[in-house]
Amino acid sequence: MVRRTNQEWLEALRGPEREQPLADLRTILVRGLRVALAGQPKVTEDDLEDFVQEALLRILAALDSFRGESRFTTWAHKIAIHVALSELRRRRWRDVSLDSLTAGMDADFLPETFADPSAGPEEHAVQQMVLDTLRRAIRDDLTDRQRRALVAARVHGMPIEEVARGMGTNRNALYKLLHDARQRLQKALVARGLPPEQVLAAFGIQAEVRDAATKASKI
Amino acid sequence: MKAELEASELKKLVRDVLSTRSNEIDCDECLQQLDEFVEMTLAGQSAADAMPLVQHHLEQCDSCREEFEALLAVLTSLL
């Protein structure tokens, strides 16, 4: 197969004789998807062909948006993976009703206590305070839509694009909805006067988020 | 039907709430930069430092992280 630079890929795919570059790209993407989907159950050869076909259409339609900040083939793999995994998520969740998953759930999805035998009395007190604060904030500060989205995504592990589909919106809007929910919960914890470092330590969470949490407490 | 968060999920919720930023990017913005982020990661450069908003989004969003890991696996297999 001919190796092409980014510019050569773009010119070849935009040119009048694009059968060969398209065939080459198809081969590259099929090979890539075999690796990308290796751990996914129930993916057939027909599925692979369908995913690649759909990806090729999107790639051709989006050539003008390729900014050249990666190799062209990396960009193309990214699109093919997005097409394939989105479809597989859709299939996995298509028979699940969001309404039945979230019916009757308010803040009850938080456990009463955090079962942690290694926690001392002080850590246990902080854990309990966090749980109580989160439960109250989920019940009082979140909208119904935010609560439903939180339950579906957090308790049931539903991918946010599938939650979005069930709620009649798209995944960007759903991410923003959940982002706003997290901000409200964060604000409730800050208002309770719980230093983020203390909360993280009480739950045995590594310090990776300390900077962001400390910054948020100063806002 | 499952009705309650497990301990590890609760820890993740607490971590995610505390690490929430005011300036997060959405899934499309993350996906737009994912190819560059993965290539930097593979080149041994600190993608998280160079593109902290992408890194943060990947920590918050399971779907985007799944796509990141798949793309990383594909490029790694080609090395």
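The model is predicted: local features need pLDDT of at least 70, side-chain atom pairs count only at pLDDT 80 or more, and totals for chains, interfaces and linings use all residues. Residues are numbered from 1 along each chain as its sequence is written, and chains are lettered from A in the order in which they are written.

**Chain B**
- Chain B has five helices and zero strands; helices (H or I, at least four residues) and strands (E, at least two) are DSSP runs, numbered from the N terminus.
- Its C-alpha atoms fill a box of roughly 45 × 30 × 20 Å along the principal axes.
- Of its 79 residues, 47% are buried, meaning that 20 or more other C-beta atoms, placed from the backbone, lie within 10 Å of the residue's own.

**Contact between the chains**
- Chain B contributes 39 residues and chain A 46 residues; two residues are in contact if their C-beta atoms, placed from the backbone, lie within 7 Å.
- On the chain B side, helix H1 (7-18), helix H2 (27-42) and helix H5 (62-77) each supply at least two residues.

**Helices H3 and H4 of chain A**
- Helix H3 (residues 45-61) of chain A packs against helix H4 (residues 72-93) of chain A at an angle of about 130°, with axes 9 Å apart; axes are lines fitted to C-alpha atoms over the stretch in contact, and angles run from 0 to 180 degrees between N-to-C directions.
- H3(A) and H4(A) are therefore oblique to each other, as angles under 35 degrees count as roughly parallel, over 145 as roughly antiparallel, 65 to 115 as roughly perpendicular and the rest as oblique.
- Residues of H3(A) including A:Phe51 and A:Ile59 meet residues of H4(A) including A:Ala76 and A:Val83.

How values were computed. A residue is buried if 20 or more other C-beta atoms lie within 10 Å of its own, exposed if 12 or fewer, and partly exposed in between; C-beta atoms are placed from the backbone.
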